Amino acid sequence: MRISASDLKPNRNGLIAFAIAAAVVVVDQVSKLWFLGLGLQEGDSIPVLPIFRLTMIWNPGISFGLLQGHGQIGRWLLVLFGLAVVVGLAWWIRKADRLWTAVAIGLIMGGAIGNNLIDRVRLGMVADFLDFSGLGFKWVFNVADAAINIGIAVLLLDIYLSTRRPAASSKTPASS
């Protein structure tokens with residue numbers, strides 16, 4: 001199988017996905033830079049609203065603190081996994097035929113780049129700080145986590161809705 005330059009060029013939806021991914025990375029990294037500049041220690045919290053706090057949590061695992069405790073091996077495995085996900089999504093999305101697929105993949109890619117690549121390589125772990133425990137949500141997360149989860153929800157909804165669309169009608173007009 002030979003790959004030409006035109007095979008690598010993304011279509012309009014692919015460009016939208018890459019733009020969304022870039023925007024997610026920027027918002028995620030700027031928000032983390034701002035938050036870390038507050039100088040909070042692990043577990044410190046600033047109340048913002050009755051339902052929302054800024055709480056400092058260092059997360060060496062994946063989303064919602066899963067897979068913690070695997071040290072440097074876990075860190076680099078998560079980096080490699082994140083890189084594989086981003087490359088796979090970038091390959092898939094370059095020829096996306098549906099806008100919502102592009103939006104979803106852009107959100108997921110941006111979140112994976114922000115958390116699994118930039119933060120893990122640079123810091124060895126991820127800074128989580130968005131705390132909605134006032135709503136009964138027990139996990140603390142960040143913009144990249146939110147983007148990944150929203151992207152997955154949008155992708156699943158897009159897949160579900162696209163399979164429910166009726167095929168082109170093959171009915172013939174009723175005879176009189």
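Predicted model: local features only at pLDDT ≥ 70, side-chain atom pairs only at ≥ 80, totals over all residues.
Colleague: Which residues are linked in a network of salt bridges?
Modeller: The network links D28, K32 and D119. K32 bridges to D28, with the closest N and O atoms 2.8 Å apart, and K32 also bridges to D119, where the closest N and O atoms are 2.3 Å apart. K32 lies in helix α2 and D119 in helix α4, so this pair ties together parts that are 87 residues apart in sequence.

Colleague: And how are K32 and D28 placed in helix α2?
Modeller: They are four residues apart in α2 (residues 12–36), which separates them by about one helical turn. An α-helix has 3.6 residues a turn, so residues three or four places apart point the same way. Helices (H or I, at least four residues) and strands (E, at least two) are DSSP runs, numbered from the N terminus.

Colleague: Is K32 buried or exposed?
Modeller: K32 counts as buried, at 3% relative accessibility. Buried means under 20% relative accessible area, exposed over 50%, and partly exposed in between (1.4 Å probe, protein chains only). D28 is buried too, with a relative accessible area of 0%, and D119 is also buried.

Colleague: What about D97 and R98: how far apart are their closest N and O atoms?
Modeller: In that salt bridge the closest N and O atoms are 3.9 Å apart. D97 is exposed at 64% relative accessibility, whereas R98 is partly exposed at 24%.

Colleague: Back to α4. How far apart are its end C-alpha atoms?
Modeller: They are 33 Å apart, which agrees with the 34 Å that the 24 residues of α4 (residues 99–122) should span at 1.5 Å a residue. The expected span is 1.5 Å times one less than the number of residues.

Colleague: Where is the kink in α4 centred?
Modeller: The kink, of about 30°, is centred on I113. The bend at a residue is the angle between axes fitted to the seven residues ending there and the seven starting there. In α4, 18 of the 24 residues are buried, so this helix is largely enclosed by the rest of the structure. Just after α4, G124 takes a positive phi of about 85°.

Colleague: New topic: in what order do the strands form the sheet?
Modeller: The open sheet has four strands in the order β1-β2-β3-β4, with antiparallel pairing. β1 and β4 (140–141) stand at the edges with a single partner strand each, so one side of each is left without a neighbour in the sheet. Two strands pair if DSSP finds at least two bridges between them.

Colleague: How many bridges do β1 and β2 pair over?
Modeller: β1 and β2 (residues 52–59) pair over four bridges. I46 has L54 as its bridge partner in β2, and P47 stands opposite R53. A hairpin of two residues joins β1 to β2.

Note on methods. Residues numbered from 1 in each chain as written. Heavy atoms only, no water. Salt bridge = Lys/Arg side-chain N within 4 Å of Asp/Glu carboxyl O.
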